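Hi everyone, thanks for coming. Let's have the model up on the screen, and then I'll walk you through a few spots.

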Amino acid sequence: MPRTPAAVVSAVLVTLMVVLAIIGPPIWGETAEKIDAGAILQGASAAHPLGTDNLGRDLLARVLVAGRYSLALALAATLIGAVIGIVLGALPSVLPRRGARLVTGTVNALVAFPGLLLAMFTAVVSGMGARGAVLGIGVAIAPSFARLTQTLAASVAGADYVLAARMLGVPRRRVLGRHVLPNIAEPLILNLAQALGGALLGLAGMSFLGLGVQPPDFDWGRLLFDGFARIYVTPEVAIGPAVAVALAGIGFNLLGDTLAKRAARTAVPARKEELAAPEPSGAPDPRAVLEVRDLTVTFPGGVTPVRHLSLTVRPGEIVGIVGESGSGKSLTAAAIGGLVPYPGTVTHAALRLDGREVAELSQKELGTSLAMVFQDPMASLNPALRVGGQLAEVAIVHQGATRAEAARRAVDRLGHVHLPEPAKQAKRHPHELSGGMRQRAVIAMGLMGTPKLIIADEPTTALDVTVQRQILKLLREVVDESGAAALFISHDIAVVGELCDRVVVMYAGRVVEELPVSALAKGAAHPYTKALVDSLPDMETDRSLPLASIPGTQPAPALVGAGCAFAGRCALATDRCSTSLPPVTEYGIAHTVACWEVS
Amino acid sequence: MKFTDVTVRFGSFTAVDSVSLEVPRGGIVGLVGESGSGKSSLAKAVSGLVRYSGQITGASRVQMVFQDPYASLDPRMKVGESVAEGLLELPRAARPDEVTRLLGLVSLPADLASRYPRELSGGMRQRVAIARALGARPDLLVADEITSALDVSVQGSVLNLIRSLRDTLGLSILFISHNLAVVRYVCDTVAVMHRGRIVEHGPTEDVVGRPAHDYTRTLLEAVPRLQR
Ligand code: SF4
């Protein structure tokens, strides 16, 4: 478990406070109550490090003893606030529509009301003293808890599993208890720790205003109140309780923070796999636009989603990478484009674009020679800017074009990707275009430069089939015209089969087969490729037979063993398959396979 | 089960425009269309999740299986508890046996009941969701894009399951998908939706083989195919 300074500080402070609350009164209780007429209202001295009060009682002892009472009051206030808040927040999920609206409205009004005023009002109404202060602070905390509960509950209430439960006729109260509360408990509990810190400060404030604890009882706030009158003469008498309140407040607040951060972090299996940096490979292939040798992507904890991948793309060629979710195909694309998210690391023997190492290319060169298209076009478009302006920017930044030139080129490119009335579209914002039009605009953006390679990662997955068909046609057109090459990543083997010239099949981070598209349907050799092709229903599938499917699941990147990753699901698997990795071998013309049982 | 003139409006937008359709007992009717065609709104209307005008008759116990099996199971509930949600009418003691039977119906082992959804693959989760829906003994099952979040390699087994459930239980199913190849494989009849209306409805082989409406033709031509 990683330790941050905040986590350590909060753990120390909170432990300190708890210990103090337990041992404080038994140890120093007597000293704290001992009246000494000879030492009234003293400042700091060796006998009384924090001075004495108007009855000559030792203030250090009193501060240490007051810890238990202060914390207990804060806890009580927090619990009151939490209970009221959670009930108020959860009510709208069970009440009929009108009642729900009333409760929501009340909570909204209360949230807007200043907390301290609410606390003071409640305290005055319910009588001065500790009870009033605790109630007051509790009531002041409640609205924010109610709001939090409401927001969290509303997000869970929209979840599919809650809809499913409603359809099954599960009563609303039961839905609340079984689905909603358990799923929002965690953030609520985390919030509790923070609220405790707040309550502590709030209660001290109340006591300080004279609304809280009354003598002869005392908490930190009361001590502060008593000491404050003397702050100009002997400031140390106020400092003790002030420091105690501050430390406790900080401690609980940080604890809440730390817990929240820890809850948000997902556990990674701790397994370390040493990765030797691959040997740099020899001379560049002169006929390749993209040359990738021995590419590996690793995440901390030995998770390796892409393993020793090599591939080559030639000019005018569209190469498809096909694989299921978790096969590493998208990370491969990201690694080639330099977009692997932190904390992933990429190693390779060679990653060359048009014969030059990508690492040596300037941002400008990379920007004009590589175009990327993603599943979500909004990932590439700024929603706040007009489409034409965004395209023009590419030409201005990367090619030093003038504004007018760039704008003209942008309209020309938009026309090139068959956007109707390009001049008009250029003036629009991305949200005014349909999904298919946006994807065209992104492709047009890539064409502002003179791309050598277009990487398209699931560019049509979010689109309707009719629009998908148009975008695929456009990609082919663009490649044919510009002589650029394309790397097309997709989970859909039929789409890949339609668009691409060559297909690279990935499974669990590795390339298992590479073959010409003409061989995909009937000539595939790897058992996984074959099974994938068989399990795809198409317009000719025999409806009287059951559909083929592959038993089992693809191993997660952290669980891939030494041998063939497909062994657990493969009908041809032998003992050798699970212990040693099948090498990539030539199978036919431009056709390679990694399987022990294929020869 | 029969819809007559079902209309769903969101504000001034008409998502479903007086649609009439029939799902015969033990039949699987496919509903295809693109995004915005109104097919999902129609599904929600049948399931009682949105308001509609018009009539839906003959389906008093409708259950729905959702698209995303990662969102449709409560992550904090064991599989058995999720499946048992539809069994509130049964006495408590009879529920475990019924859960086992339901899991068996979808070809899942009984010991899966004590696992959490996060330990299951997408295909298995979708089976659990189907088992849960079957527990309520539906007279109509609405399957809304149930394989589009799944990998191709497991899609087949879920589709086979849907067909076998129809055969063994005589279940009536409204099967909604954007994927014509999938619909063609699973359904007896297909209704094509476009802009809130059903533009064509007929036996699967006819709609796919001899489409009558231009839009159906466009849709068919756009289906990506492997050259076999
Ligand atoms: S190497 Fe073995 S397990 Fe892997 S695909 Fe070939 S036969 Fe199957």
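Before I give you an area, a word on what I mean by it: buried area is the accessible area, with a 1.4 Å probe, that two parts lose on being put together, summed over both. And please keep in mind that this is a predicted model.

So, chain B. It is divided into domain 1, which takes in 1-61 and 139-228, and domain 2, covering 73-137. How much area is buried between domain 1 of chain B and domain 2 of chain B? About 1000 Å², and carbon and sulfur atoms give 69% of that. On the domain 1 side, Arg61(B), Leu161(B) and Leu165(B) supply 40% of the area buried against domain 2 of chain B, more than any other three residues. In terms of contacts, 13 residues of domain 1 of chain B meet 12 residues of domain 2 of chain B. The centres of these two domains, taken over C-alpha atoms, are separated by 26 Å.

Now the annotation. UniProt, in an unreviewed entry, lists residues 1-220 of chain B as "domain: ABC transporter". That span is 35% helix and 25% strand, and its end C-alpha atoms lie 28 Å apart. In chain A, UniProt places the feature of that name, again from an unreviewed entry, at residues 290-533. Here the span is 37% helix and 26% strand, with 27 Å between the end C-alpha atoms.

Let's stay with chain A and look at some rings. Over all chains, the count comes to 3 aromatic pairs. One of them is Tyr507(A) with Tyr528(A), a tilted pair at 4.5 Å centre to centre and 55° between the planes. Tyr507(A) sits in strand β10 and Tyr528(A) in helix α18, 21 residues apart, and the pair links these distant parts of the chain. Are these two buried or exposed? Tyr507(A) is buried, at a relative accessible area of 2%, and Tyr528(A) is buried too, at 0%.

Tyr507(A) has another partner, Phe566(A): their planes are at 85° and their centres 5.2 Å apart, so this pair is edge-to-face. Phe566(A) lies in the loop between α18 and α19, so the pair ties together parts that are 59 residues apart in sequence. Phe566(A) is buried as well. Together, Tyr507(A), Tyr528(A) and Phe566(A) form one aromatic cluster.

Last stop, charges over rings. In chain A, Arg62(A) lies over the face of Phe218(A), 4.0 Å from the ring centre. In chain B, the charged end of Arg118(B) sits over the ring of Tyr116(B), 4.9 Å from its centre.

That's my tour, and I'm happy to take questions!

Terms used:
Residues numbered from 1 in each chain as written. Chains lettered and ligands numbered in written order. Predicted model: local features only at pLDDT ≥ 70, side-chain atom pairs only at ≥ 80, totals over all residues. Heavy atoms only, no water. UniProt positions renumbered as here; feature names shortened; annotations may be inferred. Helix = DSSP H or I, 4+ residues; strand = E, 2+ residues; numbered from the N terminus. Phe/Tyr/Trp six-rings, centres within 6.5 Å; stacked < 30°, edge-to-face > 60°. Buried < 20%, exposed > 50% of the residue type's maximum accessible area, 1.4 Å probe, protein only. Lys NZ or Arg CZ within 6 Å of the ring centre and 35° of its normal. Domains from an automatic or database assignment. Contact = heavy atoms within 4.5 Å.
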